[in-house]
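Work through the exercises below with the sequence and the model open. Each task is followed by its solution.

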Amino acid sequence: VLHTAPNVRVLPDGRYEKLCIGTTTSARMSRFTRPLMSEYGVRAIMGKAGLLPDALPVLGEFGGVYLALVGGSAALETTQIEAIEGVEFEQYLPECLWKFRVKHFGPLFVAMDSHGESLFEAVHDQAARTLERLATRL
């Protein structure tokens, strides 16, 4: 699953042409993590900025991962999506369900894993410690 709100154009035959497809922030989609994994077998979710911390136990329960895309990579992502094969819930454009055919998608990195690790939390904690050390020197 890729969290995105793509910029597309409707072709005369009703199909969609990709213009720019980049990731969107995933935190607001955290509430869908459990149903996606339990009901649909999803094991990898991709986006930017991570899921909320309460998604970590769900990733652990189902052996899932959150893969983050490198920031600013929308142009590259767009070239890696070969076609838009379908769309559901079009009334919610652009945030509906898109089916893409992709090739060599990425670069991606594991930002949250099934062992309860979160790169986002680790970076936040390290930054807080660094700020605390800097503040004591002032």
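**Exercise 1.** Is Arg9 buried, partly exposed or exposed?

The model is predicted: local features need pLDDT of at least 70, side-chain atom pairs count only at pLDDT 80 or more, and totals for chains, interfaces and linings use all residues. Residues are numbered from 1 along each chain as its sequence is written, and side-chain values use heavy atoms, with hydrogens and water left out.

Step 1. Buried means under 20% relative accessible area, exposed over 50%, and partly exposed in between (1.4 Å probe, protein chains only).
Step 2. Arg9 has a relative accessible area of 42%, so Arg9 is partly exposed.

**Exercise 2.** Find the salt-bridge partner of Arg9.

Step 1. A salt bridge needs a side-chain nitrogen of Lys or Arg within 4 Å of a carboxyl oxygen of Asp or Glu; the count comes to 5.
Step 2. Arg9 pairs with Glu17 at 2.8 Å, N to O.
Step 3. Glu17 is partly exposed, at 30%.

**Exercise 3.** Describe the setting of Thr33.

Step 1. Thr33 is in helix H1 (residues 33-40).
Step 2. Thr33 is buried, because its relative accessibility is 2%.
Step 3. Beyond neighbours within four places in sequence, Thr33 is in contact (heavy atoms within 4.5 Å) with Ile45, Leu51, Ala55, Val58 and Leu59.

Terms used: Helix = DSSP H or I, 4+ residues; strand = E, 2+ residues; numbered from the N terminus.
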